[in-house]
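Here's a quick tour for anyone meeting this structure for the first time. Have a look at it, and then we'll walk through how some of its strands line up.

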Amino acid sequence: MSDSGWVEEVDEGEQLVLSDLINRVLDKGVMINSHIIISIADVDLIELDLKLLISAVARLQRRKDTGANLSVRPGPQP
Amino acid sequence: MRTYLYGLVLSRNAHLLPQRMNGIGGAAVRPIVADELTALVGEVEDATASLETVRAHDRVMREIVRGGATAMPVRFGQAFADEAELRRHLDGRARELADTLESMEGHVEMRLLMTLAAESPPVPEAKSPGTAYLESLRSANRVAGLGLRAALGPVVRAERVEELPAGSGVAFAHLIRREEETSYRESVAAHPSLGTAKVIGPLALYAFAEHPGE
């Protein structure tokens with residue numbers, strides 16, 4: 001990891017692990033408070049493939065649209 | 001500052017929790033006992049989802065599981081004004097969550113991560129992308145041996161198959177008895193189609209928390 005915190009090179013195996021990590025932590029687990037607001041860092045998280053983040057955000061947005069009282073907004077600049 | 005919730009364990013297993021854990025922002029993680037459930041929380045100022053905070057959240061849950069308690073993970077971002085608000089929200093689901101933890105006592109989740117096989121048969125383009133993706137997954141599953149649960153044997157108590165974001169791969173979530181982790185890893189290592197698979201775990205019950213094992 002570079003000094004800026006961005007991932008510079010990640011092999012396929014590590015990409016898989018990171019993808020699973022995001023999938024698990026952001027999209028799994030019980031909901032205790034349905035009125036949560038998740039802020040997503042706008043440029044951070046994973047430099048290697050931002051599609052992973054966009055997919056997770058898209059799913060959250062779909063849940064919001066079905067009345068799950070979630071909202072997603074860009075987080076503050078680091 | 002808000003009271004950030006990481007996960008839940010049965011209160012009778014609270015003695016298994018690590019003495020010292022640090023979570024998001026380096027904040028100490030502490031237990032809050034609410035009858036049969038113990039919630040693991042920390043005081044967090046900013047729970048913006050980033051690689052750092054997601055990893056910190058995951059690290060806390062892994063430490064809890066390593067300590068020996070069966071753990072129910074809570075989705076990232078569950079924060080409350082204070083402990084009182086957390087307790088009010090827990091009250092509504094406490095019975096259900098405690099029952100699930102009781103039924104899963106002694107179990108952990110292992111995850112097998114695989115990229116999609118490049119040699120999977122092509123899917124007709126007329127189908128929707130979602131259907132095509134699922135069919136390609138099923139093709140990869142057939143290549144792997146008619147479902148991993150049958151291939152890995154009775155060590156796998158339940159299985160869930162999950163698509164990873166943006167077509168990055170597939171995750172097989174396996175519910176196993178905690179003491180059978182070594183047998184599970186040996187079964188994976190012995191399977192001819194799983195040489196490149198990544199084994200993750202032991203983890204809290206991500207795939208089985210809302211829908212307990214069969």
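This is a predicted model: local features need pLDDT of at least 70, side-chain atom pairs count only at pLDDT 80 or more; totals for chains, interfaces and linings use all residues.

Let's start with an open sheet in chain B, built from 4 strands in the order 7-8-6-9 with antiparallel pairing. Strand 7 (158-163) and strand 9 (198-203) of chain B sit at the edges, each pairing on one side only. Going from one strand to the next, the twist averages 20 degrees.

Now zoom in on strand 6 (residues 107-114) of chain B, which is joined to strand 8 (residues 170-177) of chain B by 8 bridges, again in the antiparallel sense. Helix 6 (residues 181-190) of chain B lies across strand 6, strand 8 and strand 9 of chain B, and it runs at about 170 degrees to strand 9 of chain B.

Next up is strand 1 (residues 2-10) of chain B. Because 8 of its 9 residues are buried, strand 1 of chain B is largely enclosed by the rest of the structure.

| Partner of strand 1 (chain B) | Bridges |
|---|---|
| Strand 3 (residues 37-44) of chain B | 8 bridges |
| Strand 5 (residues 79-80) of chain B | 2 bridges |
| Strand 4 (residues 72-73) of chain B | 2 bridges |

B:R2 stands opposite B:V44 in strand 3 of chain B, B:Y4 faces B:A79 in strand 5 of chain B, and B:G7 has B:P73 in strand 4 of chain B as its bridge partner.

Key: Residues are numbered from 1 along each chain as its sequence is written. Chains are lettered from A and ligands numbered from 1 in the order in which they are written. Side-chain values use heavy atoms; hydrogens and water are left out. Two strands pair if DSSP finds at least two bridges between them. Axes are lines fitted to C-alpha atoms, for helices over the stretch in contact, and angles run from 0 to 180 degrees between N-to-C directions. Contact means heavy atoms within 4.5 Å. Buried means under 20% relative accessible area, exposed over 50%, partly exposed in between (1.4 Å probe, protein chains only).
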